[in-house]
Amino acid sequence: MRPERLLRLLPGLAFLALLLLALEGAVNAGLIRRALMPPPSAIWEVLRDLVLSGEVLGPLSATLRLVFAGFAIGSVIGIALGAAMAWWAPAYRLLEPLVEMIRPLPKSALVPPLMLFLGIGDTMKITSVALAVTFPVLVNTLQGVRGVDRVLLDAARTHGWGTARALWHVVLPAALPFILAGMRTSLGLALIIAVLSEMLTGQGGLGFLILDMQRSFLIRQMYAWLVILALVGLALNALFAWAEARALHWQARTP
Amino acid sequence: MAILELEAVEKSFPARGGPAMLAMDRISLAVREGEFLSILGPSGCGKSTLLQIAAGLMPPSAGTVRVAGRPVTGPPPEAVYVFQQYGRSLLPWRTVRDNVAFAVEHRPGISKARARELADVQLAAVALTGFGDHFPWQLSGGMQQRVALARALAAEPKIMLLDEPFSAVDALTRLDLHRLMLELWEKRGLTVVLVTHDVEEAVALSDRVALLTKRPSTIARLVETGLPRPRDAVEVRETPRFLELRHELLDALLTRHAPGDGHAA
C-alpha cells in the first residue's frame, strides 16, 4: 500500500519540482523580474531561517488558534442548529429564512461590520471564523439528520430508547458522514476567514504578515510566509482526513 | 389469556386529491400468551402496517391495541419488533456485540460492561459466539438477521413481533432460521407474531395462522394448525396436516380476488 501510494504521488510531485526549476531558470534568465518574483531558492533560504530561528511559531500559533477556536465553535453551533431544524419543524420554519438569507453571503463581507461591534481583537476574528464555519456544517447536518433511515429510528423506539438518547446515539452517528463533509468544507473557509480578518485588522498571524511584508516590499519574506500558509492548509486537510477516516472507520467497506 | 389484543383496528392513509385510502378495516385479533401466530397475506395487504400498529410504532386511525391489558400509545416494554430490513435496522457503526447491547444499555442499573456481557449471552443463543467484534457488514444476510434476533432477545420481551424477518435470505438459510426461531420460542416461552407472505413458513412455525385479504384488509380466516409441539421446522413439512393446510391456505390466497369475501373465523 505504502510504496503504491508513493508511486501514485510521484508524477504530481515531479511536475511540481519541474515547475519550481523552470521558475528558478526563468528568474535567473531575467524573464521574470526578480524584484517581484524571487527565485524559489532565495525564498527557500528565508523559509529555512524563519523555521530554524523559531520565528515562525508566534504567527503560526496565532492563526491556528483562530482557526481551531472558530472551527470548534462554528461546528458545534452548526450541528446543534442543523439537527434542531431537521428534527423539530417549528425550528425549521423559524430559522430557515434567516439561514437562507445569510448562507449565500460571503462571510468575508461580515468582517467589517463585526469589527464595529467587537473591535479588532481575537473575539472578532474567532466570531468571523465561527460564522463562516457554521453554515456549511448546518446545511449538511440538516440533510444528514433528515436522511436518517426511519427503520433505525423505529429500532431505537421498539427497544425503549428515549428521544434524546436516540438523537445522540442513533441520529448523530448516522448523520456523521454528512456532518463531516460539511466540516471539511468549513475547514477551508475557516482558514480563509482567519487570514482575511488578520489582514483587515492588521494584527498578528500569517495573514497580517503576508500583507505587511508586501507593503514593506520584503518580497522574499512575503513568499516565504505564503508557503507556510499553504503548508498549514495542507496539514489541516491531512489532519481532518485522518480524523474523518477514524470516525468513519466502520464505513470502510460498506458498498 | 390474550397478551396482545387488537380491537376494531382501522388504518387509512391520506390519498392525493381524493378521499383517504382505507388500508385495513376493523381488524380484531386476540393473541394468546405463549402462542406462535402468523399473519399471512398477499403483498401490499398491509401486514407490516398491522404489525407496526401492534408494536406501538404507528398509531391506528381507529380502534385500540392492548398489550397485557394496557392500551398501547407507544412501543410497549413487553414487545420488541424485528424488522424485515435487517441491514437497515442494525447500527452500521457498531460492532455486532454493541448492536445487541443496544437493547439493554439504556436501562437503569446496567453498565456498558454488563450490557456487553448480556449481549454475548444472546449471541451465543443465536450461534454467533465469536462474532461480537465484527461489524454487521462483515456478516452474511442470515447472520445479520440473527444479530437482529439476538438484539430483540436481549430486551427479554414477552412478545416478539417479526416482520418478514426470513424473507430476504436464501432458502437454506431460511430453514436454518426457522429452526432457530422455533428453538428460541420453545425455550423462552415467547409469544410470537410473525408477518409473512410465505404459506409454508406460516404453517410450519405457527399455532394459528390469520389470513388477511387484500386492501382494505380484514381477517379472512383464522386457522388453528393443530401441528404437534415440539416441532422440527423441516420434518413438519412432511406431515399430512401440513400439506392439507398448505393446500387450503394457498388456495385461499390464490383465488381470493375480491377483498373481504371471506368469512371471519
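This is a predicted model: local features need pLDDT of at least 70, side-chain atom pairs count only at pLDDT 80 or more; totals for chains, interfaces and linings use all residues.
The unreviewed UniProt entry places transmembrane regions at residues 66-89, 126-145, 166-183, 189-211 and 223-243 of chain A. That comes from the record. Now look at how two of those spans are modelled. Residues 66-89 of chain A are 96% helix and 0% strand. Their end C-alpha atoms sit 34 Å apart. Residues 166-183 of chain A are 100% helix, again with 0% strand. There, the end C-alpha atoms are 22 Å apart.

On to chain B, starting with confidence. The average pLDDT of chain B is 89. At least 70 is reached by 96% of the residues. One stretch to flag is residues 257-265 of chain B, where pLDDT is below 50. In the model, that stretch still has 16 contacts beyond near neighbours in sequence.

Next, the sheet. Chain B has an open sheet of 4 strands, in the order β2-β1-β4-β5, with antiparallel pairing. Why do β2 and β5 of chain B each have one side without a neighbour in the sheet? Both stand at the edges, β2 at residues 21-32 and β5 at 70-71, and each has a single partner strand, so one side of each is left open in the sheet.

Let's go through the pairings of β1, residues 2-13 of chain B. With β2(B), it makes 8 bridges, and the two strands run antiparallel. B:Phe13 has B:Met21 as its bridge partner in β2(B). B:Val9 stands opposite B:Ile27, also in β2(B). Then there is β4(B). B:Leu4 of chain B has B:Val67 as its bridge partner in β4(B). A general point on strands: in a regular one, side chains alternate between the two faces of the sheet.

What lies across these strands? Helix α1, residues 47-54 of chain B, lies across β1, β2 and β4 of that chain. Its direction is at about 125° to β1(B).

Last, helix α5, residues 141-154 of chain B. How far does this helix reach from its first C-alpha to its last? The reach is 20 Å over 14 residues, close to the 20 Å expected at 1.5 Å a residue. Is α5(B) mostly covered or mostly uncovered? Mostly covered: 13 of its 14 residues are buried. Just after α5(B) comes B:Glu156, which takes a positive phi of about 50°.

That's it from me.

Terms used. Residues are numbered from 1 along each chain as its sequence is written. Chains are lettered from A and ligands numbered from 1 in the order in which they are written. Side-chain values use heavy atoms; hydrogens and water are left out. UniProt positions are given in the numbering used here, feature names are shortened, and annotations may be inferred rather than shown by experiment. Two strands pair if DSSP finds at least two bridges between them. Contact means heavy atoms within 4.5 Å. Axes are lines fitted to C-alpha atoms, for helices over the stretch in contact, and angles run from 0 to 180 degrees between N-to-C directions. pLDDT is the predictor's confidence in each residue, from 0 to 100. The expected span of a helix is 1.5 Å times one less than its number of residues. Buried means under 20% relative accessible area, exposed over 50%, partly exposed in between (1.4 Å probe, protein chains only).
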